[in-house]
Amino acid sequence: MKSEPSVFGIDDLAECPNETTHWDGVRNYQARNMLRDQMKVGDLAFFYHSNCKPPAIVGIMEIVREGYPDHTAHDPDCPYYDPKSTAENPRWYMVDVKLVKKFKRPVSLEEMKRHPQLEGLPLLRRGNRLSVMPLEAKHWHFILTLSET
DNA sequence: GCCAACGTTGGC
DNA sequence: GCCAACGTTGGC
């Protein structure tokens with residue numbers, strides 16, 4: 001799950017009550033479908049810092065509430081406002097996430113690109129713009145190992 | 001349903 | 001700041 005640290009980074013999550021928050025603002029249908037349909041309580045996710053230097057995976061979160069309507073779409077004062085989404089017919093969804101741990105060190109995009117073991121990782125696909133994306137267990141474990149070295 | 005124009009994302 | 005890669009919009 002991606003976020004720009006200048007907007008909301010892993011340290012912001014650490015400062016949230018109970019280190020938990022709702023992951024709002026996703027406005028892409030593919031990502032929406034994953035938030036709404038696939039992510040289950042207890043699932044784990046990497047926290048990725050995008051659009052910063054260096055872009056990197058910085059920690060782990062746990063899904064603590066399954067997909068429910070993203071109310072920020074209904075607030076005209078919110079940058080994520082979408083007039084086409086209503087309370088009766090919500091278009092956008094979010095989940096609640098809780099910080100599991102911050103990595104001992106960030107695992108940068110550049111570093112991940114260097115490892116052939118991570119071939120096929122959706123994050124490394126050229127032109128990828130999904131803010132929520134799945135990954136395979138083998139990639140998960142490999143990245144975790146990198147973070148511990 | 002096609003596709004050109006435009007907007008956004010995000011690495012570099 | 002540049003630009004590739006997508007997604008969205010809207011005319012037809």
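**Before starting**

The model is predicted: local features require pLDDT of at least 70, side-chain atom pairs count only at pLDDT 80 or more, and totals for chains, interfaces and linings use all residues. Residues are numbered from 1 along each chain as its sequence is written, chains are lettered from A and ligands numbered from 1 in the order in which they are written, and side-chain values use heavy atoms, with hydrogens and water left out.

**Stop 1: the sheet**

Colour the model by secondary structure; helices (H or I, at least four residues) and strands (E, at least two) are DSSP runs, numbered from the N terminus. Select the five strands of the open sheet, whose order is 1-3-4-5-2 with mixed pairing. At its edges are strand 1 (2-3) and strand 2 (20-22), each of which pairs on one side only. Two strands count as paired if DSSP finds at least two bridges between them. Strands of a sheet pair through backbone hydrogen bonds, either parallel or antiparallel.

Next, select strand 4 and strand 5, which run antiparallel and are joined by 10 bridges. Thr-20 stands opposite Lys-98 in strand 5.

**Stop 2: helix 5**

Select residues 137-148, which form helix 5. The expected span is 1.5 Å times one less than the number of residues. For these 12 residues it should therefore be 16 Å, and the end C-alpha atoms are 17 Å apart, which agrees.

Which residues of helix 5 are buried? They are His-139, Trp-140, Phe-142, Ile-143, Leu-144, Leu-146 and Ser-147. Buried means under 20% relative accessible area, exposed over 50%, and partly exposed in between (1.4 Å probe, protein chains only). Display what surrounds them: the buried residues of helix 5 pack against strand 3 (44-49), strand 4 (56-69), strand 5 (93-108) and helix 4 (109-114). Contact here means heavy atoms within 4.5 Å.

**Stop 3**

Most residues other than glycine have a negative phi, and most peptide bonds are trans. Move to the loop between strand 3 and strand 4, where Pro-54 lies. The peptide bond from Lys-53 to Pro-54 is cis, with omega near -15°. Asn-51 is found in the loop between strand 3 and strand 4 as well. Asn-51 has a positive phi of about 55° although it is not a glycine, and it is exposed, at a relative accessible area of 61%.

Then select Asn-18, in the loop between helix 2 (10-15) and strand 2. Its phi is positive, about 60°, although Asn-18 is not a glycine. Is Asn-18 buried or exposed? Asn-18 is exposed, with a relative accessible area of 58%.

**Stop 4: Arg-27**

Select Arg-27, in the loop between strand 2 and helix 3 (29-38). Arg-27 is partly exposed, with a relative accessible area of 26%. Leaving aside neighbours within four places in sequence, Arg-27 is in contact with Asp-70, Thr-72, Ala-73, Tyr-80 and Trp-92.

Show the side chain. It makes a polar contact with the side chain of Thr-72 (3.1 Å), and a polar atom of the Arg-27 side chain lies 3.0 Å from the backbone oxygen of Tyr-80. A polar contact is a pair of N or O atoms within 3.5 Å; within protein, one must be able to donate a hydrogen and the other to accept it, and residues adjacent in sequence count only if both atoms are side-chain atoms.

**Stop 5: DNA strand B**

Select the residues around DNA strand B: Lys-2, Tyr-48, Ser-50, Asn-51, Pro-55, Leu-109, Lys-113 and Arg-129. Sugar and phosphate account for 79% of the atoms of DNA strand B that come within 4 Å of the protein. A residue is near a strand if one of its heavy atoms lies within 4 Å of it.

Phosphate oxygens of DNA strand B lie 2.7 Å from a polar side-chain atom of Tyr-48 and 2.8 Å from a backbone N or O atom of Asn-51. Arg-129 places a polar side-chain atom 3.0 Å from a base oxygen of DNA strand B.

**Stop 6: DNA strand C**

Finally, select Tyr-29, Gln-30, Lys-84, Arg-126, Gly-127 and Arg-129, the residues around DNA strand C. Of the atoms of DNA strand C within 4 Å of the protein, 65% belong to sugar or phosphate and the rest to bases. An N or O atom in the side chain of Lys-84 is 3.3 Å from a phosphate oxygen of DNA strand C.
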